[in-house]
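Subject: Two-chain model, handed over with notes

Hello,

Please find the structure below. My notes on it follow.

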Amino acid sequence: MTPLSLLLVFIALTSFVAGQLLLKKAMDASNAEGFRSRKFVVPFSAGVFFLTVQFFLNLGLLQRYDLSFIYPFQGLSVIIISIAAAIVLREKLTPQLVVGAVLISVGIILVSLT
Amino acid sequence: MPMQNKPSGFGNPWFQLALSVAFVTAYELLLKLGATETAHIADARWAWTGISGLASLYVWLGIPLIILSLLTWLHVLRYIPLSIAFPLSQVVHVLVPLCSWLFLGELITSLRWCGIALVSLGLAIVAKPVARLEERL
């Protein structure tokens with residue numbers, strides 16, 4: 001585990017979260033403005049770009065590390081996406097959602113640690 | 001939150017979320033089958049790209065399912081808040097190990113059973129207030 005691979009894990013996770021948020025933003029815009037509006041096209045393209053970045057970074061990491069090392073970081077994405085959706089997209093975060101997200105994250109980490 | 005004006009029937013976003021999760025589970029298993037089948041193809045120079053997997057019919061069956069899972073997921077995002085849809089989509093972390101156990105004969109360790117139980121509990125907690133909300137609508 002080098003500092004570089006830790007950085008790559010961090011970038012991959014950030015790209016995944018950014019990609020999901022941008023796709024959500026794009027699909028929200030598509031409801032109001034249709035599929036030709038810039039408000040859909042720009043976040044949609046950016047979202048696909050970030051998910052592509054994450055896909056290849058992940059592939060590269062998987063070549064060097066075990067799935068059980070990479071996967072727990074993806075488990076964290078549940079908590080991070082819930083919090084980011086509340087902050088960036090102004091979604092309402094209830095205590096139930098937070099508790100549920102934490103349990104799911106811990107569960108995914110346990111599933112992958114084998 | 002734009003939870004109103006949801007289409008019913010086939011376009012219902014909860015149904016589409018279930019479809020999306022089913023597609024992901026199915027393609028994960030198919031890709032695993034395909035990867036196992038092609039693992040012996042040892043053209044080491046390109047092995048890291050995983051491209052030799054394309055020699056397997058399972059992989060080709062999986063590819064349309066990947067596309068369908070993305071399309072259904074985008075449909076879900078039009079109607080369901082990300083902070084609800086994303087945690088619920090993680091049910092794949094229960095379904096994939098269970099189906100690998102049932103269909104591929106993979107072992108589930110006790111630690112993994114604990115993880116599956118925790119994810120299920122978390123899913124129930126996220127889903128319960130949503131179900132109540134939907135009933136009222």
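**What was found**

From the N terminus on, chain B runs α-α-α-α-α-α. That comes to six helices and zero strands. Please keep in mind that this is a predicted model.

Chain A comes to four helices and zero strands. Its elements run α-α-α-α from the N terminus on. The C-alpha trace of chain A spans about 45 × 35 × 20 Å along its principal axes.

Burial and contact range, by chain:

- Chain A has 114 residues, and 39% of them count as buried. Among its contacts between residues at least 6 apart in sequence, 69% join residues at least 24 apart.
- Chain B has 137 residues, and 33% of them count as buried. Among its contacts between residues at least 6 apart in sequence, 74% join residues at least 24 apart.

Two helix pairs deserve a look. Two packed helices are described by the angle between their axes and the distance between the axes.

Start with α1(A) and α2(A). They pack at an angle of about 155°, and their axes are 7 Å apart. Angles over 145 degrees count as roughly antiparallel, so α1(A) is roughly antiparallel to α2(A). The crossing of α1(A) and α2(A) is left-handed. The residues of this contact divide into 19 nonpolar, seven polar and four charged.

Next come α3(A), residues 67–88, and α4(A), residues 95–112. Their angle is about 175°, with the axes 8 Å apart. α3(A) and α4(A) are therefore roughly antiparallel to each other too. On the α3(A) side, the residues that meet α4(A) include A:Leu67, A:Tyr71, A:Leu76, A:Val78 and A:Ile79. On the α4(A) side, they include A:Leu97, A:Val102, A:Ile104, A:Ile108 and A:Ile109. By class, the contact of α3(A) with α4(A) has 13 nonpolar, six polar and no charged residues.

**Where the chains meet**

How many residues does the contact take from chain B and from chain A? It takes 29 residues from chain B and 32 residues from chain A. On chain B, the helices α3 (57–79), α4 (82–89), α5 (92–103) and α6 (110–136) each supply at least two residues of the side that touches chain A. The largest share of that side, 13 residues, comes from α6(B). By class, the side of chain B that touches chain A has 21 nonpolar, six polar and two charged residues.

**The nonpolar core**

The largest nonpolar core has 53 residues. Those with the most contacts inside it are A:Ile81, A:Ile104, B:Val76, B:Leu77, B:Ala85, B:Leu88 and B:Val119. From chain A, α1 (3–33), α2 (38–64), α3 and α4 each supply at least two residues of this core.

Not counting residues up to four places away in sequence, B:Leu88 touches B:Leu17, B:Leu123, B:Val126 and B:Ala127.

**One residue to check: B:Leu71**

B:Leu71 is in helix α3 of chain B. Is B:Leu71 buried, partly exposed or exposed? B:Leu71 counts as partly exposed, because it has 14 C-beta neighbours inside 10 Å. The C-alpha atoms of B:Leu71 and B:Pro97 are separated by 24 Å. Along the chain, B:Leu71 and B:Pro97 are 26 residues apart.

Best wishes

Terms used. Residues numbered from 1 in each chain as written. Chains lettered and ligands numbered in written order. Predicted model: local features only at pLDDT ≥ 70, side-chain atom pairs only at ≥ 80, totals over all residues. Contact = placed C-beta atoms within 7 Å. Nonpolar A, V, L, I, M, F, W, Y, C, P; charged D, E, K, R; others polar. Axes fitted to C-alpha atoms, helices over the stretch in contact; angles between N-to-C directions. Parallel < 35°, antiparallel > 145°, perpendicular 65-115°, else oblique. Core = buried A, V, L, I, M, F, W, Y, C linked by C-beta atoms within 7 Å. Buried ≥ 20, exposed ≤ 12 C-beta atoms within 10 Å, placed from the backbone. Left-handed = near helix turned anticlockwise from the far one by under 90°.
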